[in-house]
Amino acid sequence: MTEEKRTPLYQWHDANGGKMVEYAGWQMPVQYEGLMSEHHAVRQKAGMFDVSHMGEVRVKGKEALSFIQHLLTNDFSSMKDGEILYTFMCYPEGGVVDDLLVYRFTQDEYLLVINAGNVQKDLDWINEKAQNFEVDVIDESDRTGELAIQGPLAEEITQNVTDENLSEIKFFNFKDHVTIAGVKCLISRTGYTGEDGFEIYTNWDELETVWKALMKAGEDKGIQPAGLGCRDTLRFEAGLPLYGHEISKDISPIEAGYGFFVKLKKDDFIGLEALKKQKEAGIPRKLVGFELLGKGIPRSEYDVLLEGEKIGFVTTGYLSPTLNKNVGLALVDRKTIEGQDQIMIQIRKKQVEAKLIPTPFYRKNTKSKV
């Protein structure tokens with residue numbers, strides 16, 4: 001049995017009421033004060049997450065741009081230095097290896113930020129595909145610490161511990177070599193919550209210094225440490241996918257409703273032909289949002305029924321802290337759901353009525369899309 005890994009903030013979590021659980025081979029805090037309290041802190045004030053379990057892979061070399069164009073579904077040809085793009089890495093059949101962020105330093109250098117549960121699988125895939133390109137693939141995961149400060153007061157709090165003018169960093173842009181609390185960091189205006197905020201990367205051993213400085217700077221603003229529990233409810237409300245739920249090896253980005261990040265007009269990328277066929281023929285399944293009309297919580301993998309027949313399954317479901325309603329996302333047969341406005345969710349031994357509702361459940365409150 002592999003020993004679970006610990007982030008550089010493990011001792012801090014343990015000393016400050018973090019309820020630790022195993023996640024993707026790491027000991028991570030699922031909550032501190034409680035999921036609801038932490039969720040509302042992020043929506044209304046600010047919350048801070050330890051995301052050091054994420055993977056960071058640097059791709060550099062004279063064929064770096066050609067390589068990521070081939071490897072990933074988005075189009076990086078017009079990307080500028082200091083910009084970030086969200087993208088998918090797909091199998092030839094169209095399913096998803098992972099979803100990730102790509103940071104551009106120069107045309108010859110990029111940072112790929114990948115999901116914690118997929119790090120080794122992704123690395124193996126990237127290294128295998130890199131063999132035909134003149135690039136270096138460097139795994140920086142074990143030496144990179146990362147935190148996310150999210151919420152409407154995130155900029156105000158972070159501005160207290162840096163001389164960098166944070167208002168100049170636009171949504172999905174970043175700056176490197178920024179001094180925060182005396183520590184050199186990379187800071188990006190990104191997040192996984194649907195709120196404004198930043199993700200901050202620094203050396204593994206220096207992350208705690210930045211974390212403590214931000215907690216102190218936000219003390220009188222109501223900042224709270226936040227765990228994996230509310231990270232999931234926040235991303236779910238904002239319509240952001242979680243690997244293994246809304247997207248997976250068996251669920252394509254187009255089925256899941258994220259076709260915007262799949263540029264089918266590109267000359268070539270892994271999965272292009274399969275995804276093009278899926279788009280042209282019409283997707284067999286689609287992701288829909290629903291609200292339960294009866295009692296119960298729609299858990300992941302619960303069956304979705306129409307007239308007694310199974311037409312799909314729940315990918316994620318919660319009592320939404322922001323809406324105070326039981327809502328969920330489900331992957332269902334596209335043709336069967338057309339024209340329907342109600343479905344049934346199999347919750348244990350009973351079927352509970354639900355109505356289809358638009359997604360996302362919560363509109364993002366992020367700073368300037370420019």
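Select Glu 307 first. At 75% relative accessibility, Glu 307 counts as exposed (exposed means over 50% relative accessible area, buried under 20%, partly exposed in between, with a 1.4 Å probe and protein chains only). Its place is the loop between strand E16 (303-306) and strand E17 (309-320). Helices (H or I, at least four residues) and strands (E, at least two) are DSSP runs, numbered from the N terminus. Phi of Glu 307 is near 50°, a positive value in a residue other than glycine.

This is a predicted model, in which local features need pLDDT of at least 70 and side-chain atom pairs count only at pLDDT 80 or more, while totals for chains, interfaces and linings use all residues. Residues are numbered from 1 along each chain as its sequence is written, and side-chain values use heavy atoms, with hydrogens and water left out.

Go to His 177 next. His 177 also has a positive phi, about 55°, and is not a glycine. Look for it in strand E11 (residues 174-180). With 60% relative accessibility, His 177 counts as exposed.

Now select helix H3 (residues 64-71). Six of its eight residues are buried, so H3 is largely enclosed by the rest of the structure. The buried ones are Ala 64, Leu 65, Phe 67, Ile 68, Gln 69 and Leu 71. Show their cover, which includes strands E5 (55-60), E6 (84-90), E7 (96-106) and E8 (109-114), and helix H4 (119-129).

Colour by domain. Domain 1 spans 1-282 and domain 2 spans 284-356; the bounds come from an automatic or database domain assignment. Their centres, taken over C-alpha atoms, lie 29 Å apart. Domain 1 gives 20 residues to the contact and domain 2 gives 19, where contact means heavy atoms within 4.5 Å.

Stay at this interface. The two domains bury about 1500 Å² between them, 61% of it on carbon and sulfur atoms. Buried area is the accessible area (1.4 Å probe) that two parts lose on being put together, summed over both. Highlight Phe 236, Glu 246 and Glu 255: they supply 38% of the area that domain 1 buries against domain 2, more than any other three residues.

Zoom in on Glu 255 and Arg 285. Their side chains meet in a salt bridge (2.8 Å, N to O). The count between domain 1 and domain 2 is one salt bridge, defined as a side-chain nitrogen of Lys or Arg within 4 Å of a carboxyl oxygen of Asp or Glu.

Finish at Pro 360, in the segment after strand E20 (350-357). The peptide bond from Thr 359 to Pro 360 is cis, with omega near 0°.
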